[in-house]
Amino acid sequence: MVCFTETHLSGSSVAESLQLGGYNLFKRNRHLSYMNLPDIATKSGGGVVLYVRNHFKAFEKQYHHNVTDLEFLVVKLESPVQALIAVVYRPPDYSIGQFLTNLLGLLESLERMDCQPIILCGDFNEDFLSRAKKPISDLLHSRGYTQLVWAATTEKNTLLDHIYISRLKLTPEYLELMKFQAISANNKIYFGNDIPSMFLDSSSPKVPFMQQYRGLTDDQSKSHKSKGKKL
C-alpha cells in the first residue's frame with residue numbers, strides 16, 4: 001500500500017499518469033471533506049490518496065457517523081489480511097481543538113467496525129520529535145495506538161508524517177520494534193543476549209551486553225569512547 005496526502009486533485013477523474021500498474025486507487029478530494037468550513041474546502045491543495053495492490057480484496061468505507069470537516073479516507077482490507085487503513089491530512093492552519101474533536105469522531109467510528117488492526121497514517125502537521133505538547137499523539141496513545149515512525153520526515157528535521165497502529169503494545173512485534181528504537185536512540189536498555197550483530201563491534205570480546213553497555217557509568221563510557229571503542 002502507498003499513501004499520499006496533499007494530492008491537489010479535483011474532480012472525479014484521475015489522470016492516466018497517476019495510475020500505478022498493479023494497484024487500485026482510492027481517493028478523496030479536499031472539497032468533499034469540509035461541510036462547515038468553506039474557507040478550507042475552497043482552498044486549493046489538500047486531498048488524500050491510497051494505492052492498494054490489486055491482489056488485495058479492499059473497498060472504501062464511505063459513510064462514518066458523526067465524522068465531518070476532516071480530510072480522510074478509509075479502506076478496509078478483507079483478504080489476504082484484515083485491517084482498516086485510514087489516511088488523514090491536517091492543514092497547518094486548521095484549529096487543533098476542532099481537528100481533535102473530528103479525529104476522535106473518526107477513531108470512534110473505526111473502532112465500532114470491529115476490525116483490527118486499525119492503521120492510521122498521514123500528515124498531521126504535529127512534530128513528533130518536538131519537546132512541545134503533542135495533543136494529537138497524546139489522543140492516539142490514550143486510545144492504545146502506537147506511533148511507528150521515529151525519524152525525521154522533512155528537510156527541516158521534523159516528524160510530521162505519522163503512522164499509528166492499534167493494539168500493538170506488549171505483542172512480540174511491539175517489543176521487537178522497541179528494541180530497535182532503543183538501540184538506534186542509544187538508550188541504556190537491556191535486551192539480554194538478543195542483540196543484532198550489526199550493532200556490535202566485531203573486534204570486541206564476547207562480553208554480555210549488559211556489561212558492555214548498561215553496566216558502564218557515564219565516566220567509564222566517556223573513557224571507552226575516548227579510546228575509540230564502540231559500544
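Select Phe-99 and show its contacts (heavy atoms within 4.5 Å): leaving out residues up to four places away in sequence, Phe-99 touches Leu-70, Val-88, Tyr-89, Arg-90, Tyr-94, Phe-124 and Ile-136. Bear in mind that this is a predicted model, where local features need pLDDT of at least 70 and side-chain atom pairs 80 or more, while totals for chains, interfaces and linings use all residues. Numbering starts from 1 along each chain as its sequence is written, and side-chain values use heavy atoms, without hydrogens or water.

With Phe-99, they touch the most other members of the largest nonpolar core, which has 29 residues. Such a core is a set of buried Ala, Val, Leu, Ile, Met, Phe, Trp, Tyr and Cys residues joined through side-chain atoms within 4.5 Å; buried means under 20% relative accessible area (1.4 Å probe, protein chains only). Helix 2 gives the most to this core, five residues.

Now go to helix 3 (135-142); helices here are DSSP runs of H or I, at least four residues, and strands are E runs of at least two, numbered from the N terminus. Which residues of helix 3 are buried? Ile-136, Ser-137, Leu-139 and Leu-140. They sit on the same side of helix 3, because they cover an arc of only 160° around the axis (taken from the directions from the axis to the C-beta atoms). Their packing partners are helix 2, strand 7, strand 8 and strand 9.

Step just past helix 3 to Gly-144, with its positive phi of about 90°. Last stop: Tyr-145, which stands opposite Ser-166 in strand 9.

Definitions and conventions. Buried means under 20% relative accessible area, exposed over 50%, partly exposed in between (1.4 Å probe, protein chains only). Two strands pair if DSSP finds at least two bridges between them.
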